[in-house]
Every structure is written in structure tokens, then in C-alpha cells.
Amino acid sequence: MDNKFSIDICGIPMKNPVMVASGTFSFGEEYAKFYDINKLGAIVTKGLTLEPKTGNPPPRIYETPAGILNSIGLENPGVEAFITEEWPHLSKLSIPVIANIDGDTVEDYHKIAWRLSSLEGLAALEVNISCPNVEKGGMAFGQDPESAREVIKAVREATHLPVIAKLSPNVTSVQKIAEAAVSAGADAISLINTLLGMAIDINKKKPVFHRTFAGLSGPAVKPIALRMVWEVYKAVKVPIIGMGGITSWQDAVEFILAGASAVAVGTASFVDPLTPLHIIAGFKQYLADQGIKSIGELIGAAHPF
């Protein structure tokens, strides 16, 4: 392991700080056709619910000038199918695997966390209180500090695994949500999920998406994501996983300088599946060129003393 580039996120050792974002990497098998995914710092699975979800009706993806709108609706096989069908191949990876979980109710989160905690080798749970594309749960839990606190507390009580709270940008104060999550037992924060947006079909004269609004991701959201990582870094003392529009190693360095300890690549992997590897290579060269001995020197370094 390259000690200069390795990082520890709440007890999760990572050979490098570049991860892939939940919802953009499924369970890894498709991307494994393009490269050895053991080269990543960690992977985060597709969001898991207690029961299988079929997701939202099409269309689910709409391209914008600087990103995409998505309305997938958390399509997934459910936690039991994940354990029997996906975990056998995921457990053979040599990198940390983090399970993203989502629920309609607080009890759902508790049950999923308890069930997944029995998996030997699972690195952590990322608690999705930020998905904007479902009828119940998701973002609704992440827009109010008390609701966020209640969900994270329930997960904390159900598991011995590190708990990562994934936050929504669709709030007035992301710092207050982060503070509530940490006070309830979150070991780390990941942000941001997608921003609410919409598109209209001018021929049909109606919204493109069945649910009208959808989640915007990609380069368009990067300045907002960077700002929120900056704000949360000042508000809490736990590691931050930054994401939102990261397409290059330069973007990744910006997030680390803003306060992230690691970064996650999402939409950019759809454009070029090798993007995370390009970022790892560029980031390593940057450390060498700058004479930096440890990535820890960079975390939050852009903040004034």
C-alpha cells in the first residue's frame, strides 16, 4: 500500500481516496469488465431497501448540457437477494465494500442495518437519507435535523459497523443536518446526493419524468457540492466523503482541499468507465509534483487558519 496515498475513513483502511458513488456502480460486475476494480479505494453498492423495488417508470435518464437528470427510484433486488446473489462475489474483493441502505420508515433502516451487520467483511453502511426520487423516505428524512437524527440513531443501535450518513443538498442548512447525524452516532458524512431539477418535453408539453422532478448530477453541481463540503468540514469533526460532479483529478484535489478525506465518482463513470483510474493516476502525480508526504496534509488545507 502506498502510505502517501492511503487514508483511513472511520476505521476503513483505503489504499487510495477514490471511491465510486452509490447508484452509479450497481454491484460492480459491469465495471469489472473494463478494469480491475480492486484498484479503487472502495466501492459503494447500489441503494438497498428491505424489499425489492422495481423503480420508477421510464424515462429514467435525461441528458442536460452539463450532467444528467435521473429518476431511477431505487430499483434494487432487496436486502435478502443482495446477501444471497451479490455478496458472494463482492466479498471476494480486496477493497472495502460499503452498502448503501434506504428505507420507507425508520424501522426499515433499523432492520436492513441489523441484517447486513451479519455479513463478514462488509466495511460500513452508508445511510441514504437523501434520495429525491422515491415516494417515501429518502430525502424526506434528510431535510429535517430531527428526522435525520432519528434514522441515524436507529441504524447506530442496529449495527457495529461504521455508519456514514449521506446527505441531500436540497436543504437550507446542510451543516445542521450534518451536526444532527453526527450527534446521533454517524461516524462519517458523505455528500452530496443529487439536486432537484426537471425537464419538459416541448412536443408533449409536459414534464419528461413521471414524478416531474428528478435528480441532477454531473459537472453542473460541482461548485455547489464543493461549497457544501467546505461548510460541513467547518461544522463537524468526522471524515467527509465528497462527491458531486467530479470528473478529473483536479476536481478531486479541490474536494480534498475543501475538507473531504475521500472522494466518490458518479456520473463521470457513465461517460468514461475508467475515470476513477485516471483520477487516481493524476492525483498521485500531483502529490509527487507538490512534494506532499501524506494526503492528510491536504485535507481542509484551503481553509484559513
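Predicted model: local features only at pLDDT ≥ 70, side-chain atom pairs only at ≥ 80, totals over all residues.

Reader: How many nonpolar, polar and charged residues does the lining of the largest pocket have?

Author: The count is taken by residue class, with Gly placed among the polar residues. For the lining of the largest pocket, it comes to 17 nonpolar, 18 polar and 3 charged residues.

Reader: UniProt has a "binding site" feature that includes S71 and N193. Which residues from this set does the lining of the largest pocket take in?

Author: The feature comes from an unreviewed UniProt entry and covers K46, N70, S71, I72, G73, L74, N128, N193 and T194. From this set, the lining of the largest pocket takes in K46, N70, I72, G73, L74, N128, N193 and T194.

Reader: UniProt also lists "binding site" for a set that includes S22 and G266. Which of these residues does the lining of the largest pocket include?

Author: This set, likewise from an unreviewed entry, consists of S22, K46, G47, N100, N128, K166, I192, G218, G244, G245, G266 and T267. Of these residues, the lining of the largest pocket includes S22, K46, G47, N100, N128, K166, I192, G218, G244, G245, G266 and T267.

Reader: Is N193 buried or exposed?

Author: N193 lies in the loop between strand 10 (188–191) and strand 11 (195–197). Beyond its neighbours within four places in sequence, N193 is in contact with N128, S130, C131, P132, K166, L167 and P169. Its relative accessible area is 14%, and the cut-off for burial is under 20%. N193 is therefore buried.

Reader: Why does K46 count as buried?

Author: K46 is found in the loop between strand 4 (42–44) and strand 5 (61–64). Its contacts, apart from neighbours within four places in sequence, are S22, G23, S26, F27, I72, E75, N76 and N100. K46 counts as buried because burial means a relative accessible area under 20%, and that of K46 is 17%.

Reader: What is the relative accessible area of G73?

Author: G73 sits in the loop between strand 6 (67–70) and helix 1 (79–90). This residue is buried, with a relative accessible area of 6%.

Reader: What is the relative accessible area of G218?

Author: G218 is located in the loop between strand 14 (214–217) and helix 6 (222–235). Not counting residues up to four places away in sequence, G218 touches A66, G67, G244, G245 and T267. G218 is buried, and its relative accessible area is 2%.

Reader: Which element gives the most to the lining of the second largest pocket?

Author: The second largest pocket holds about 160 Å³ of space. Its lining consists of E63, A66, G67, I68, P219, T247, T267, A268, F270 and V271. By class, these are 6 nonpolar, 3 polar and 1 charged residues. With 3 residues, the element that gives the most is helix 8.

Reader: Which residue follows helix 7 and has a positive phi?

Author: In helix 7 (residues 249–258), the buried residues are D251, A252, V253, F255, I256 and A258. They are covered by elements including helix 6, strand 15 (240–243), strand 16 (262–265) and helix 9 (275–290). After helix 7, a positive phi, near 135 degrees, is found at G259.

Key:
Residues numbered from 1 in each chain as written. Heavy atoms only, no water. Helix = DSSP H or I, 4+ residues; strand = E, 2+ residues; numbered from the N terminus. Buried < 20%, exposed > 50% of the residue type's maximum accessible area, 1.4 Å probe, protein only. Contact = heavy atoms within 4.5 Å. UniProt positions renumbered as here; feature names shortened; annotations may be inferred. 1 Å grid on protein atoms, 1.4 Å probe; cavity = no way out; pocket = protein on both sides within 12 Å on 5 of 7 lines; lining within 4 Å. Points joined across faces, edges and corners; volume = space filled by probe spheres on them.
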